[in-house]
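Please examine the following model before reading the questions and answers below.

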2 protein chains.
Amino acid sequence: MAAVHPRHLLPSARERIDHIAYELFSRHGVRSVGVDVVVARSGVAKKTLYSHYPSKEKLALAFLQRREELWTRTWLQEGVKRRARRPADRLLAIFDVFDSWFRRSDFEGCAFIKVLLEHDDPAHPIRRSTEGHIRTVRDFVRELAEEARLPDPEGFARQWQIVMIGSIIAAYAGDRDAARRAKKLGILLLADARIRSRGRAQI
Amino acid sequence: MAAVHPRHLLPSARERIDHIAYELFSRHGVRSVGVDVVVARSGVAKKTLYSHYPSKEKLALAFLQRREELWTRTWLQEGVKRRARRPADRLLAIFDVFDSWFRRSDFEGCAFIKVLLEHDDPAHPIRRSTEGHIRTVRDFVRELAEEARLPDPEGFARQWQIVMIGSIIAAYAGDRDAARRAKKLGILLLADARIRSRGRAQI
DNA sequence: GTCAAGGTAGACCGATCTGTCTACCGGAAG
DNA sequence: CTTCCGGTAGACAGATCGGTCTACCTTGAC
């Protein structure tokens, strides 16, 4: 059936590869998903995969790029901006977005962290890439902190990200309410930063 | 040479297996360490390993037990109790212990989290075991919270553990100062819990 | 009609994985 | 002296890994 349709009306082989690789790598990480599974599930010839990507490593790097586009930018950043307007409210809205994420029955955890922990060589390209994507998320937080005129936005963002990451792992380990707990931490952190900011402004 | 010594004066095969498995699984996780490597590094015959442990899975479960004994109990809990006496100070001392951990050149990250993220099936024995060991750490925090007479010790412990885990991952991703940042968060959390406690006591 | 591009199906390679098995060895206890 | 236990050395099986390759097919452009 499918083969009868004109090629341009169907998802191309590359699109199917990217889509299935995203599904599988997001859920299971990179290491435990073999190329054979990607090939079988995307209904593509093995040779086709290797004509688009020279190695599994490059496919994984492309996946991480896609994850940043779909998860970080489209889902997290846009979701946060849709939920609140003021920068400080947007910071807290991160945990509202997380809350709906953690309660999904198909909650899969954070692919960046998963892939980061899979690679213990700090020089490995995949590990370096995940660290870059984690930095991208932190940059988003730092920008919100700057817009909220908080002191030491970089330090604030690093603390905020500790809470974000901790809550994701806690949720993965079974704590459905991890986002609520994290939000409370965020409120404390935000209040403290504002006190410091006001204190400094008075000097 | 070694074979010439009486058997009882040398580390037994089992001890060598346990020791090397601990080294390798702690650093690299379970999945990416093959039994052949454990066999080779411990200088033991493959058959000997399988006479002590019926499968790699059982070896991994024994490793997690050992990790709880060496890391959680001996290193973390005793380290904390050595550094401070009052329960609230001991809570904060967790991050002092973490700080020296994160700054070690051979910092290996948290094996429990690593192994947890390696297994996405929630029913898998290894995953269930890691969740148990994570709960053990949280119980330790909860007991300190109870001793400090903080309200809602379980909720407090879960928030505290979010910070602990987040800082470990942040350190693993390259933030050497993650423990200092986490300790600041802990100070805020502790102060807030005390305010709530005092507020409730006045009612 | 021809031809190149891109795709399919699947055999195959060498390496590595967990786990089993045979054959042998050395020391301690009877 | 013999016997048994715990161990060594390493071949082997069957599965799976990433990656290559041949042979064939379909579509669109010319």
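A residue is near a molecule or strand if one of its heavy atoms lies within 4 Å of it. This is a predicted model, in which local features need pLDDT of at least 70, side-chain atom pairs count only at pLDDT 80 or more, and totals for chains, interfaces and linings use all residues. Side-chain values use heavy atoms, without hydrogens and water.

Q: How many residues surround DNA strand D?
A: The closest residues include V35(A), K46(A) and T48(B). The number of residues surrounding DNA strand D is 19.

Q: Which residue has a polar backbone atom 2.7 Å from a phosphate oxygen of DNA strand D?
A: A polar contact is a pair of N or O atoms within 3.5 Å; within protein, one must be able to donate a hydrogen and the other to accept it, and residues adjacent in sequence count only if both atoms are side-chain atoms. At 2.7 Å, the residue is V35(A).

Q: Over the face of which residue does R66(A) lie?
A: A charge sits over a ring if NZ of Lys or CZ of Arg is within 6 Å of the ring centre and within 35 degrees of the ring normal. In chain B, R66(B) lies over Y22(B), at 5.6 Å from the ring centre. R66(A) lies, at 5.6 Å from the ring centre, over the face of Y22(A).

Conventions:
Residues are numbered from 1 along each chain as its sequence is written. Chains are lettered from A and ligands numbered from 1 in the order in which they are written.
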